[in-house]
Structure formats: C-alpha cells, structure tokens
Amino acid sequence: MPTALPDARRVLAGLLGPARPPSAPRVVNLVGPLGVGKSRLLAEVAGPGSGVPRPWIFDGADSEPRIRAARRRMRRAPAGTVVVVAGRRPLLGRPAWGGEPAAVVELAPWPPERIRALVASLGVTGSGSLDLAVRIGGGIPLLARAVAGALLSGADPRSPGALADAAADVVLRRLRLEAPALDPAALPVLATVDGADEELLSALTPLPRGRFDELARLSVVRADAHGLAVAEPFRTVLDLAYRWRKPGQRRQLAAKAAARRHGQVALTADARLRARIAEQVLFLSARPRLRDDLFAELPGPMRVRPGEAADAGHMGRLTRQWAATEGLDARGADRMLQRWLDGAEHGFHMLVDGEDRPVGMVNLTPLDAGPAPVLEPLLQQHAEALAGSGTGGAVVGMMAVDERHARFQPLLVRQILAQGISRGRLVVSTPWLPYQQMCARFGLRRVGQTRDDLYRCGRTNAVYARGFRPAQLPAWLGRLQAPPSPEQEPDVAVVRAALEALRAGRPALPPLADRVMAAVVALGASPSPVDREAAAVLGGYYVRGAGGHELVAHSLHLSRATYFRRLRQGLARVAELLA
C-alpha cells in the first residue's frame with residue numbers, strides 16, 4: 001500500500017542508514033506517481049550517518065532504456081553499496097530489470113492539508129483559489145505547483161479548465177521522458193472517454209501501429225476490464241484541459257464514444273464489464289443532474305473497497321452519523337448494523353481516502369448469498385416478492401459520507417449502480433426523501449412503502465426496484481441520455497454507429513436513432529438524384545437486413561464502386577442534415 005511522506009521518509013532512511021536490516025535486498029526501489037516528490041525525498045535522505053557508505057542513487061527509471069542504463073551503472077557500484085532506483089512504476093515485472101529482488105517503498109499522494117500549505121507558501125491567497133488548487137492537484141505537488149503558477153500569472157480562478165491546462169502541459173512534457181515519441185493528442189482522448197480498448201481508440205483518433213502499446217506503458221495509464229484508462233488525478237486534469245481548449249471537438253468525441261459503447265453493452269457477457277461499460281455511457285452522455293449524482297467534479301485520491309473486519313469502528317461511527325443525518329432512531333440504526341453484520345455476506349463497501357481511511361460507506365446486501373436477517377425489516381411485506389423471485393440482485397439499505405467529504409458521495413452511488421448492473425437487479429429501501437428522488441431519476445420503479453416505521457423517524461421506507469438484465473440496459477441508458485444540444489450534433493462515425501446498431505437489432509441511443517432515421521427519410525425526398533440514391537443505399541445496407549443492399553444495387557443499376565460511394569455520401573449527408 002502507498003506510504004504517506006513522513007512514513008516513507010522513515011522507511012527509506014531505515015533502509016539506507018546504520019539500522020538497515022542485514023537481510024534487506026541491496027536494491028531499494030522508490031516508487032510513486034509522476035510529480036509526487038520522489039526526487040525531493042531522495043535529496044533529503046541521500047546522506048546517511050557516519051560509518052555508512054553513501055548509497056548509489058539512480059533517479060528517473062521511467063522507461064526501458066533508462067532501466068537498462070541503471071542496471072549497467074549498478075555493475076560498477078562498490079560491493080556492499082545500497083542501490084536506490086526511483087521511478088513511477090515498480091521495477092519488478094519490467095522487462096529491462098531482469099527480476100533482481102528490490103525493497104519497494106511506495107510514496108502516496110499528499111493529503112489535502114499539505115497540498116494547501118504548499119500552494120499557500122508559493123503566494124496563492126484566497127480560499128477559493130486555494131481550494132481549487134488542492135482539488136485539481138489531487139495530492140500531486142507537481143500539479144498543485146502548476147496550478148499555483150497559473151493563478152499567480154493571472155489565470156482566472158473561476159476557470160478550472162484554464163488552470164488544469166497549465167497542469168496538463170507539465171504532465172505531457174514529463175511523460176515524454178517515458179515515451180519520447182508520445183503523441184500529445186492520444187492521451188487526452190483516452191482521458192476524455194474514461195478508458196478505451198484499441199478498437200474504440202482507433203475509431204476516435206488516428207492510432208498508428210504500436211501506439212496503443214505505447215500508451216499502455218505510460219506510468220499514468222492503467223489496464224482494466226474495458227481497456228486502458230488514465231489514473232486519477234491525471235485523467236481529470238487532462239479532460240478538464242481538453243474541455244477548455246477544444247470544447248466542440250470534445251463533445252463530438254464523447255458522443256461518438258457513447259454511441260459505440262451503447263451498442264456494446266447488451267452484447268457483453270461479463271457482468272462486471274457490462275456494468276463498467278454502462279457507467280462509461282452515463283459518464284459520456286447522461287443528463288447533467290444524473291452526472292452530478294454519479295461523478296465527482298474532481299475526484300482526488302478516493303476509492304471504494306469492500307469493508308473489512310478492521311473497519312468495524314468506522315462502520316459504527318458512520319452508522320451513527322447516518323442516523324443523525326436522516327433523523328433515525330439511533331438504537332434502531334445500531335440494531336440494523338448488527339443485522340447487516342450477522343448476514344452471510346455483510347455487504348458493506350467503504351469509501352476511503354488516499355491513506356485508506358474510511359470516510360463513507362454504503363450497504364449492498366446480496367439477495368442470493370445466503371441468510372440475510374436484514375432483508376425482512378428492510379423490505380417487510382415486499383420481502384417475499386423481491387427476495388423470493390430467484391433473480392438475485394442487491395439491496396441498498398443505507399449510505400453515509402462524512403460531511404467534509406460529501407462531494408465524494410458519487411463514488412458510492414457508482415458502486416451501487418455497478419453492483420446492481422453486475423448482479424442483474426437493484427432494490428432500494430429508504431425513508432430519506434433525497435434518496436427516493438435519486439431512485440426516481442435513475443428510473444427505478446416504486447414498489448411501495450413498508451408497513452412499519454422501521455427507524456421510528458415518522459416516515460416509512462419507500463421501496464424501489466429495477467432489473468438490469470443485459471437486454472434491458474440499452475433502453476434504460478437511452479432514457480437517461482441528455483438530449484443533444486446544437487453543439488453536440490453527431491458526425492459521420494456517430495451516424496454510422498447508430499445505423500449499425502439498428503442493423504444488428506440493438507437499440508441505438510434514443511432520440512439519436514429517431515433523428516437519424518428521419519434524416520434518411522428526408523434525404524430520400526431530396527430533389528437531388530444522388531441524394532435519393534444515397535438514401536436508398538442507406539436503407540438497403542442498414543435497414544432492410546440481409547440481401548437488402550444487393551436488391552438496391554440491382555434496382556438502381558449501380559456498380560459496386562458507385563454503390564459504396566453512395567453509401568459514404570449518404571452517411572455524410574445525414575450528418576449534415578442533423579447539423
């Protein structure tokens with residue numbers, strides 16, 4: 001697990017100083033994200049006490065050639081010398097390293113209060129400017145310094161995009177040390193769509209051979225189930241900068257990626273990947289209010305993980321906070337906590353900060369994981385119908401976040417949605433009106449109210465449910481999509497994706513599908529014979545199914561070359577009509 005700076009300083013000093021354990025490997029690998037302060041830390045601890053040989057230090061081992069250079073120089077180090085190699089990723093597993101054992105010291109992002117003090121020491125004043133520098137910095141001092149420099153140079157503190165642009169420029173310049181031929185356009189695209197496989201990325205931006213592998217090797221990029229994704233806070237910085245520099249291009253890119261992912265979601269067999277793709281579609285195309293529910297503006301070094309036995313004290317604290325916030329009977333809330341913990345699977349998921357300290361939690365009790373004594377009081381007269389259907393799912397019974405971390409609640413809401421989609425159904429039981437309203441926004445069906453006032457708060461629980469089988473997802477995602485603005489008109493690739501979805505029998509993103517078909521009809525009524533032929537070709541190729549295009553080509557007496565030229569012309573003309 002990453003180590004906070006004071007602890008990392010002590011650990012590193014212990015591995016380099018007189019108290020160094022005899023069994024410790026001779027190589028110490030200092031690891032941490034770009035700009036976290038590895039070089040500064042090395043400068044602090046490079047001079048050990050009397051009688052201890054000075055360590056040999058190699059900084060910036062961030063590419064295969066640099067790692068090979070470090071190994072060549074290591075061979076010349078005197079016997080018994082401790083070797084410190086610093087880089088953004090661990091040496092073990094890197095092809096150029098060769099597998100020699102190393103003691104890894106991983107440096108964590110800085111806590112917000114330390115970033116705030118750093119920015120203030122540089123001369124930034126005003127709570128709004130300091131808050132923004134902390135939030136964009138995301139625990140990385142390099143980013144915070146770049147934002148501070150932009151503020152001190154006169155950048156508008158009300159423009160996060162302009163401030164992020166200064167930080168993004170620093171990031172891209174530093175990354176060229178890892179990949180000198182790095183295409184500066186590809187990484188912001190990857191950040192904007194929140195992850196892409198090679199097929200999607202190739203559809204969104206020119207991708208020469210080998211470029212996807214080059215991106216995969218960057219220290220700020222992670223591989224997950226749906227392709228490559230940029231790690232936070234770098235993803236947010238690059239996306240904010242892209243929104244500010246090229247807003248129209250960014251909107252077109254998001255629409256194109258959403259259309260393609262929307263077509264994939266029902267065809268994806270892996271339940272977790274299906275949930276991740278659905279989340280990506282919502283990230284790219286959901287209505288603004290739903291985006292606020294799901295995505296923190298600047299997420300920072302926060303994550304959600306399963307609850308553990310060591311979290312018991314935090315579970316009790318957050319349960320009491322939940323009861324106080326929603327006006328629930330405290331003893332009733334404590335009894336519910338015990339019921340949750342007594343189940344075959346307790347279902348707690350913890351929101352933790354960069355140092356793994358719980359600051360929020362949600363309970364998602366599985367409907368199909370064995371005995372769950374909490375379900376009867378939560379669902380009451382609806383329990384038999386919902387829990388006995390055999391379709392599985394997850395039941396949400398509570399959510400709580402520390403007040404000073406309230407802006408990170410969307411991470412828990414995303415966890416709720418991911419669990420519901422991957423398990424096939426989501427059930428919510430809550431007496432709290434704001435959460436009931438959120439259920440309605442996400443299209444959950446109101447099943448009814450519980451018979452009894454479970455928490456003695458003067459309100460019965462409202463119960464909501466929704467199935468998330470694969471075939472149900474495309475239409476549900478379509479209903480949550482924001483209507484396109486004039487600035488978000490689809491381009492040719494988006495039109496093609498919508499028509500391909502219709503040809504495959506998949507719902508395209510409504511109302512995009514209706515608008516595309518209306519444009520095809522309008523094209524067929526054009527006074528231009530070329531337009532009419534193009535409309536007929538589109539209908540035959542995408543709408544009429546197998547053999548339709550051959551009939552059209554024959555009836556219009558078109559050669560193969562002319563037929564496909566009309567197809568391309570039709571796609572372009574439909575995009576023009578929509579614009």
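## Strand 1 and strand 4

Strand 1 (residues 27–31) pairs with strand 4 in the parallel sense over 4 bridges; two strands count as paired if DSSP finds at least two bridges between them. Strands (E, at least two residues) and helices (H or I, at least four residues) are DSSP runs numbered from the N terminus. The model is a predicted one, in which local features need pLDDT of at least 70 and side-chain atom pairs count only at pLDDT 80 or more, while totals for chains, interfaces and linings use all residues. Residues are numbered from 1 along each chain as its sequence is written, and side-chain values use heavy atoms, with hydrogens and water left out.

Within this pairing, Val 28 stands opposite Ala 103 of strand 4. In a regular strand the side chains alternate between the two faces of the sheet. Strand 4 has Ala 103 and Val 105 on its covered face, whereas Val 104 and Glu 106 belong to the uncovered one.

An open sheet with mixed pairing contains 7 strands in the order 7-8-9-10-11-13-12. Its edges are formed by strand 7 (303–306) and strand 12 (445–449); each has a single partner strand, so one side of each is left without a neighbour in the sheet. On average, neighbouring strands of this sheet are turned by 25° against each other, direction ignored. Such angles are taken between axes, which are lines fitted to C-alpha atoms (for helices over the stretch in contact), and run from 0 to 180 degrees between N-to-C directions.

Strand 8 (residues 348–352) and strand 9 (residues 358–366) are paired in the antiparallel sense over 5 bridges. Here His 349 stands opposite Val 362 in strand 9.

## Salt bridges

The count of salt bridges comes to 35, where a salt bridge is a side-chain nitrogen of Lys or Arg within 4 Å of a carboxyl oxygen of Asp or Glu. One of them joins Glu 64 and Arg 94, with the closest N and O atoms 3.0 Å apart. This pair links distant parts of the chain, 30 residues apart: Glu 64 lies in helix 3 (residues 64–74), and Arg 94 in the loop between strand 3 (83–87) and strand 4 (103–106). Glu 64 counts as buried because its relative accessibility is 18%, and Arg 94 counts as buried at 16%. Buried means under 20% relative accessible area, exposed over 50%, and partly exposed in between (1.4 Å probe, protein chains only).

In the salt bridge of Arg 116 with Asp 131, the closest N and O atoms are 2.4 Å apart. Arg 116 lies in helix 4 (residues 112–121) and Asp 131 in helix 5 (residues 127–137), so the pair ties together parts that are 15 residues apart in sequence. Both are partly exposed, Arg 116 at 30% relative accessibility and Asp 131 at 35%. Arg 235 forms a salt bridge with Glu 232, at 3.0 Å between the closest N and O atoms; Arg 235 is buried at 8% relative accessibility, whereas Glu 232 is partly exposed at 32%. A network of salt bridges links Asp 194, Asp 224, Arg 276, Glu 279 and Arg 414.

## Cavities

The whole structure holds 6 cavities of 30 Å³ or more. On a 1 Å grid over the protein atoms alone, a cavity is a set of points where a 1.4 Å probe fits but cannot get out, and lining residues have an atom within 4 Å of a point. The largest cavity has a volume of about 260 Å³, a volume being the space filled by probe spheres set on the points, which are joined across faces, edges and corners.

Its lining comprises 19 residues, of which Val 396, Ile 416, Val 428, Met 438 and Cys 439 lie nearest the centre.

Terms used: On a 1 Å grid over the protein atoms alone, a cavity is a set of points where a 1.4 Å probe fits but cannot get out, and a pocket is an open set with protein on both sides within 12 Å along at least five of seven lines; lining residues have an atom within 4 Å of a point.
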